[in-house]
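Q: I would like to learn how to read strand pairing and backbone angles. Can we work through one example?

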Amino acid sequence: MNNQPENAQNPRFTDYPQPSILREFQNSWPLSILGILLVLGGSSLLFWNEGRAIKTSLSLEEGLREIIVPETLNILFEGNNNKLVLVGGPLAIKNSLKEDFYGISINAVKLMKVVQMYQWKEKENTKKHTSVNADGEHVTHVEKTYSYSKDWVDHHIDSATFQRTDGHHNPSKEFWPAESKIETNTLVKIGSFELGPTLKEKFTNYKPVTSDQLPPSNQVKMSNGVYYHSRSVWEPDIGDYRVQFSYAGRQGEEFTVVGKQSGQEIVPYQAETGEELFILHTGLRGAGEVFMTEHYHNRTWTWIYRLAGWFSSFLGLLCVSHLLELVLDLYPTVRNMVTLGVTSLPFSVSITLTLTIIGVGWGWYRPIVGLALLVMGLLPYMVPISRIFLMRGDGQGDHRD
């Protein structure tokens with residue numbers, strides 16, 4: 001007779017399925033795909049940024065080496081033709097830009113006219129709240145509310161598209177009084193050098209301008225340099241409009257230009273890297289100051305893009321952190337190498353990824369800088385890797401003993 005317990009004769013085993021990366025990805029594929037796209041986007045931004053920063057830096061260094069400062073601005077030296085020159089002095093503008101109705105006349109590079117109409121605006125506010133229905137399911141409800149206000153706007157707002165049109169009517173587009181525009185002077189010089197269309201586009205620091213006389217109309221009023229076509233400046237009606245003028249680059253103001261001399265005109269200079277050197281600064285500046293300022297701007301934007309690329313990669317790695325943790329659970333040795341022991345996995349990997357991309361980018365043009373960045377990125381992993389090899393070496397030595 002067999003007196004063994006039944007459980008001993010028929011042992012039971014519980015089978016726990018081995019974690020699967022594919023299964024985990026299928027369970028959270030939207031978040032995983034978003035994370036992968038963020039990592040790829042951040043890495044691409046870092047690659048692009050380093051290439052841009054390197055080319056710009058090399059172009060500025062070339063420009064400082066090749067720059068020529070003419071002895072006088074009154075004579076165009078043929079020997080400087082097609083070469084990079086620095087020209088600094090007051091603007092010489094003979095022709096004036098005019099707006100006859102408002103009595104505006106100014107010798108400037110640009111005259112900007114901005115027209116705004118007093119109109120209704122609609123603002124949509126959205127609120128979401130979740131409730132449980134009769135079947136026990138969570139249902140998300142979206143509640144939208146609309147508010148309306150009056151404001152000066154420089155484009156037409158079609159009130160027919162409003163959710164509530166009663167009492168909120170704007171004039172139709174055909175009644176728009178005038179278009180905003182920017183008028184550019186045809187002839188602008190510094191000494192004997194003409195500023196071409198591309199260079200004149202760089203004049204973007206606008207200052208307000210007004211006339212001493214009002215238009216011949218009782219409906220036009222002026223306040224703080226703005227012309228109001230309104231019964232009242234303080235209590236405008238829907239459909240009233242106002243006009244404001246501003247200029248950029250006035251006669252006699254001093255500017256410094258860096259570009260290629262092409263006959264009488266200053267045009268963009270193409271450096272060996274393919275980048276264009278075409279610089280406009282206010283005031284009179286020397287070559288060293290101009291290029292030092294451009295280097296500073298390049299470094300500033302480089303770090304802004306680097307932070308944006310790192311942050312995008314960090315967010316992406318956060319989205320796929322569950323997959324990374326699963327990989328590390330399957331391969332504990334890898335965990336010892338990448339977690340650094342003191343930081344989160346997404347943070348440590350994103351820092352290493354960022355420094356590696358920056359190091360690779362600079363390695364070709366600045367080998368020492370590139371190597372230093374690569375070492376900084378990989379150094380935190382060298383300690384755990386060396387420990388793993390030492391532990392394996394000690395284990396093999398004990399086994400031989």
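A: First, the ground rules. This is a predicted model, where local features need pLDDT of at least 70, side-chain atom pairs count only at pLDDT 80 or more, and totals for chains, interfaces and linings use all residues. Residues are numbered from 1 along each chain as its sequence is written, and side-chain values use heavy atoms, with hydrogens and water left out.

Q: In which sense do strand β1 and strand β13 pair, and over how many bridges?

A: Start with the terms. Strands (E, at least two residues) and helices (H or I, at least four) are DSSP runs, numbered from the N terminus. Two strands pair if DSSP finds at least two bridges between them. Here β1 (residues 84-92) and β13 (residues 254-262) are antiparallel, with 7 bridges. Val85 stands opposite Gly259 of β13.

Q: How many bridges join β13 to strand β17?

A: There are 4, and β17 (residues 279-282) runs antiparallel to β13. Phe255 faces Thr282 in β17 as its opposite residue.

Q: What lies between the strands in the hairpin of β13 and β14?

A: The hairpin has 2 residues there, and Gly263 takes a positive phi near 70°. β14 (residues 265-267) pairs with β13 in the antiparallel sense through 3 bridges. Lys260 is opposite Val267 in β14.

Q: Which residue other than glycine has a phi near 70°?

A: Asn82 does. Its place is the loop between α3 (29-66) and β1. Asn82 is partly exposed at 49%.

Q: Is Asn224 buried or exposed?

A: Asn224 is exposed, at 77% relative accessibility. Asn224 sits in the loop between β10 (220-223) and β11 (226-229). Its phi is positive, about 55°, although Asn224 is not a glycine.

Technical notes. Buried means under 20% relative accessible area, exposed over 50%, partly exposed in between (1.4 Å probe, protein chains only).
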